[in-house]
Amino acid sequence: MFGTSGVRGRVGHAVTADVALSIGRAVGADTDCVVVGRDARETGETLQAALMAGLRETGADVVDVGRAATPTVARSIADRSADAGVVVTASHNPPQDNGFKLWTPSGQAFSPDQQTEIEESIESEAYALADWTGQGSHESWAGATDHHEQTLVETGRTDAAAADVSLSSLSVVVDLGNGMGGVAADALFELGADVETINAQQDGRFPGRPSEPTAQTCTTLAATVDAVGADLGIAHDGDADRMMAVTDEGEFVPGDMLLAIFGLEVGSAGDRVAAPVDTSLAVTDALAEVGIELVHTKVGDVYVADRARDDDVVFGGEPSGAWIFPEETLCPDGPLAAVKLAALVAAEPLSDRLGRIERYPLRRTVVETAEKDAAMERIAAAVRRTYDDVSTLDGVRVDTDEGWFLIRPSGTEAKIRVTAEARDSAATDRLLDRALDFVEAETAPASTE
């Protein structure tokens, strides 16, 4: 049921009101109070109603924040002294999808063990429904987004003061992608920045651009930043847990480079930064130059957040745009990342920061297979027979003198993902070919993209 980031799939097939009701009952069975919200998808209203019915049937009280960003809901759990939170969202997926993300009071997503407990509870229907005197209550809380905004403003003022800068001279274009990231634009405006928004109307059809912020989907943002002479461009996905950026020169910043920029700012010699196993070698090298160690996790913000709980980890991130500042929250908070990046840009242009980080050629491809799990077992065995030093933290990763390659199963699709990187293009191509040889030898039928 759970992928790398909650439950997600096509509405009417993998995601139905029945599923929402069952998740509500399973979560409500072990909680007294749950915060619930949803993104802009029209199907969210039906799914949220079913989710809340399941929660209340088991006696859990519901705090309904309505439409809100995922980090807004995650932060509201502690604000309202609740036991858990559920967001009805498919994040950056296309409009025909929806899903559910589950959160703890710390702002961290439900762990794999907690997710398994929910699945087992649903399968066995191991929950008792309350009688008519024990039904949970329903309360609407309209102030969740305002509370999140004020927290972001306080953080922005603190960061600006520490850097001895002001955001009042900063010009920012924020691409909300028709999603829930408006809290970021509001916080930046409150901090004194000159803010221009695009795709700002909430619309779960995502008419402005596909929800996932990538170099390909953020061309309008890049062009706008360049056209108006802005200092910074910010892009969010549908539920605003992700944040990507465009420099003052109109260049989309690759996620690995943004990870390095945040890590260099937050960390210092002796600290650690957590990131998934598919993170660029360029991040490792950039951080190592100042004595910061990059520690790998499985792919998925839940794993990065879990590692970020450790005292020696000062920052965690995924190149996809999920940034975790553990001193603030263990939830990937896109608007928080936007405010923090704005303070950095007020001190030094983003293009200058980006220019100091060396970039290496990185190749990614996928192999489709109907037998993903069985194929991965055979691939892993073949790789271990060939190489002595193999990491199996998430799939199989091999580090060589030239660079590295990673072969791992997709968390949501019938695909095996292959990544390779080295410090020059020829070496990267050799590593990718070597990895694909392993995959193609153990998958049939298969095709590459």
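1. Start with the second largest pocket, which has a volume of about 420 Å³. Here a pocket is an open set of points on a 1 Å grid over the protein atoms alone, with protein on both sides within 12 Å along at least five of seven lines. The volume is the space filled by probe spheres set on the points, with grid points joined across faces, edges and corners. Before you go further: this is a predicted model, where local features need pLDDT of at least 70, side-chain atom pairs count only at pLDDT 80 or more, and totals for chains, interfaces and linings use all residues. Residues are numbered from 1 along each chain as its sequence is written, and side-chain values use heavy atoms, leaving out hydrogens and water.

2. What lines that pocket? There are 18 lining residues, and those closest to the centre are Asp159, Glu265, Val266, Phe325 and Lys340 (a lining residue has an atom within 4 Å of a point). Two or more residues each come from helix H5 (144-163), helix H8 (255-266), strand S13 (313-318) and helix H11 (334-347), with H11 giving the most, four residues. Helices (H or I, at least four residues) and strands (E, at least two) are DSSP runs, numbered from the N terminus.

3. By class, the pocket lining has 11 nonpolar and seven charged residues, and no polar ones. Nonpolar covers Ala, Val, Leu, Ile, Met, Phe, Trp, Tyr, Cys and Pro; charged covers Asp, Glu, Lys and Arg; the others, Gly among them, are polar.

4. Rolling a probe the size of a water molecule over the atoms shows where empty space is left. A cavity is a set of points where a 1.4 Å probe fits but cannot get out, and the count comes to one cavity of 30 Å³ or more. The largest cavity has a volume of about 90 Å³. Of its 12 lining residues, Ser5, Gly6, Leu102, Ala109 and Gln115 are the closest to the centre. S5 and helix H10 (301-308) each give two or more residues to this lining, and the largest share, three residues, comes from S5. The lining divides into six nonpolar, four polar and two charged residues.

5. Now look at the six-stranded open sheet, in the order S1-S5-S4-S2-S3-S6 with mixed pairing; two strands pair if DSSP finds at least two bridges between them. Its edges are strand S1 (7-10) and strand S6 (138-140), each pairing on one side only. Neighbouring strands are turned by 15° against each other on average, direction ignored. (Axes are lines fitted to C-alpha atoms, for helices over the stretch in contact, and angles run from 0 to 180 degrees between N-to-C directions.)

6. Inside that sheet, S2 (33-38) and S4 (84-88) run parallel, joined by five bridges, and valine 36 stands opposite valine 86 in S4. Helix H2 (43-57) packs on the sheet, touching S2, S3, S4, S5 and S6, and its direction makes about 175° with that of S2. Contact means heavy atoms within 4.5 Å. Helix H3 (70-79) also packs there, touching S2, S3, S4 and S5, at about 165° to S4.

7. Finally, a four-stranded open sheet has the order S8-S7-S9-S10, again with mixed pairing. Its edge strands are S8 (194-198) and S10 (243-246). S9 (232-236) and S10 run antiparallel with four bridges, and alanine 235 stands opposite methionine 244. Helix H6 (182-190) lies across S7, S8 and S9, at about 165° to S8.
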